[in-house]
Amino acid sequence: MESSVATPPPSPPPAPAPQKPTKDAIEGSATWQLSDRIGLAICWALGLLFCAIAVAIIVYLLIQGLSYLKPSMLVTPATSGFSQSQTGGFSDALIGTLIVGTMGIAIALPVGVGVAIWLVEYGRPAGLARLTESTIEAIAGIPSIVLALFGTVIFSSTALGFLSRTSEGVVFGRSFFAAATMLSLVALPLVVASTREGLNAIPQHVREASYAVGKTKIATTRRILLPAARPQVATGAMLGLGRIIGDTAIILVLLGATQNFAPVGNTFPLNYLRGAGTTLTNFVYEASPTGNLNQPQKAYAAAFVLLLMVLALNAAVDVVHRRARKVGTWSH
Amino acid sequence: MEEQYPSEYGPKWSDQRAERMLGALVCAVVGLLLALIITVFVKAWPSFSHNGLAWFGAGGSVEEQLNQIYLSGLSGAHYVYTFHAWQLIWSTLLITGGAVLLALVSALFVSVFIVEFAPVWMRDILQPVVRFLASVPSVIYGLLGVLIIVPTIGNDLITEPQKASVAGVISLSGYSLLAAVLILTVMIAPLMISIFSDGLRSVRPGWLEGSLALGVNRWRTTWKIAVRSARPAIVAGTVLAVARAIGEAVMLAMVSGSVAFAPNPADGLIFIYEPSRPLAPTIVKNIDSLGSPPSNATLFAIAAVLLMSAAFFSLAGWAARRAMRKYGATA
């Protein structure tokens, strides 16, 4: 294959993938049987179809979002009214999304990184390690609506009544605390998986070098391994954040059916966190024709804002990846 | 490497202590999952014990039963638990099955395309597209479904005679099996594509080269060698997609029709236009009745069924992958 290389492709092949046997001298499909060529055509058609769907979603929401989104919507809370012009905006939902995302990741990141460190660096007894792996996989497979129902049990208990509104001994169990805690479970498997990948990619000799200069295992982990795995940790956190801000079921059940903040008590940050609230996903759900508000224009506007957030997170993941690749790998 | 080499963090971060703390954290996470499973089943028990296996059977209208259950909880005199979930289960089977089937076929073709046949520029477009489709929140899919797909199906695809033919039984408005399956396919296919392509990339190059050296063309080589030896990854991706599809609540609550009804394939092709409601959206729609104890038990019973099916599919996937381990490819 070395000398018989035909015309080199205009752009160099990306990551050296050894299983591409004929990257340089690609066999065309002209010699194939008809059935094989039809198969290739199906490949192209489906690939283009997926591209078309993605473009359609973005363009459609862009058009709808730009035509219905007014800057004032981002700063006015929702109010009740008869027409879509009277019902205000969705500032509470926007802030709620930010709160839920921050709190959820604030819980999921340390827990997820801790679990990943234990799995990769300690992992004894082996039985517990296997059990933990299955647990993380299982959590990833649990439907979020089931997590939400479980949350109603936890946060409606009297012991945790201080985290939400209580009246006449009945704990409502709907608060930012409740929603964010359950949402952190949605993000947890992603953080664990990504961090593990990062730690596993660090070769053993790096650890041995650190031990050789007298560092303890945990100091090595904190000072050497975690900084080296930072891109993967960040990727996991951002993927988890994307999942959190996109989740609706947990918000519907654990944050409330209201479209405004419903603070509880007087201590400033805590009263909002203890109270019910809303997020963009909840707003879109309620403002869609199947929800209680039925304001499709505002639903489009909020969905557009939500989509922008998701796109920004996607782009951030890309940037982190690219930067990590530029820094290089351990192998050289 | 213990106390005699204190790091700059002092003895607080000694090794044993760190290991114990991390171990405790891990145990807490495991314990939380156990608590979740136990709680769900304990809470669900009244509903299961009152109905027995009839819980999974057909009989009566689910809406009516849910309403009775809810009202009995409010009056508090005598709780009613009678619940026959077949309409919901059938809807779940149809929608999940349809979407997974469609997604499996298209994801196979697309991942083969990405890994093997797409030109570099096309691959550079497709990979971000797949990632984007996987990260769009389900509520946005639901919104687009409600405002575009559902009206299109209702106004353009379903003809008036078709509407009239089932008018006495159910009204066809576009909220349908078809809409649910199509949107769910777009939601789960990206998940499959990313796992399938990882599997296809990790096929041993020597096997492919051997096949090519025998004069088999690239298309056949890919399907006969690469796809076959990537079967564990295909199973793994499919299992994940099934779990996601079964648990999808919000999007389906928006587009599937929100009426407990069992579309009957025996009616002919019209059944794909009929509305239905799977298990998970039923929880979402009835979440306000959580305060009524028998409703609470019923909703938890639905959640328990979701948990069980998720567990069943991951076990089945694990068994299938174990059986395929001899083919040498890793998932």
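Tutor: A crossing is left-handed if the near helix is turned anticlockwise from the far one by less than a right angle, and right-handed if clockwise. This is a predicted model, in which local features need pLDDT of at least 70 and side-chain atom pairs 80 or more, while totals for chains, interfaces and linings use all residues. Residues are numbered from 1 along each chain as its sequence is written, with chains lettered from A and ligands numbered from 1 in the order written.

Let's start inside chain B. Helix H4 (residues 120–135) of chain B packs on helix H7 (residues 177–201) of chain B at an angle of about 130°, and their axes (lines fitted to C-alpha atoms over the stretch in contact, with angles from 0 to 180 degrees between N-to-C directions) are 8 Å apart. That angle makes H4(B) oblique to H7(B), the class left after under 35 degrees (roughly parallel), over 145 (roughly antiparallel) and 65 to 115 (roughly perpendicular). H4(B) passes H7(B) in a left-handed crossing. From H4(B), the contact (C-beta atoms, placed from the backbone, within 7 Å) draws on B:Val130, B:Leu133 and B:Ala134. H7(B) contributes B:Val186, B:Pro190, B:Leu191, B:Ile193 and B:Ser194. Sorted by class, these residues are 7 nonpolar, 1 polar and no charged.

Now to the other chain. Chain A has 13 helices and 2 strands; these are DSSP runs, H or I of at least four residues and E of at least two, numbered from the N terminus. Where the chains touch, 71 residues come from chain A and 75 from chain B. On the chain B side, helix H1 (residues 15–51) gives the most, with 14 residues. That side of chain B holds 57 nonpolar, 10 polar and 8 charged residues.

One of the partners of H1(B) is helix H4 (residues 126–141) of chain A, which packs on H1(B) at about 50°, with the axes 10 Å apart. Therefore H4(A) is oblique to H1(B), and their crossing is left-handed. By class, the contact of H4(A) with H1(B) has 8 nonpolar, 2 polar and no charged residues.

Notes
Two residues are in contact if their C-beta atoms, placed from the backbone, lie within 7 Å. Ala, Val, Leu, Ile, Met, Phe, Trp, Tyr, Cys and Pro count as nonpolar, Asp, Glu, Lys and Arg as charged, and the others, Gly among them, as polar.
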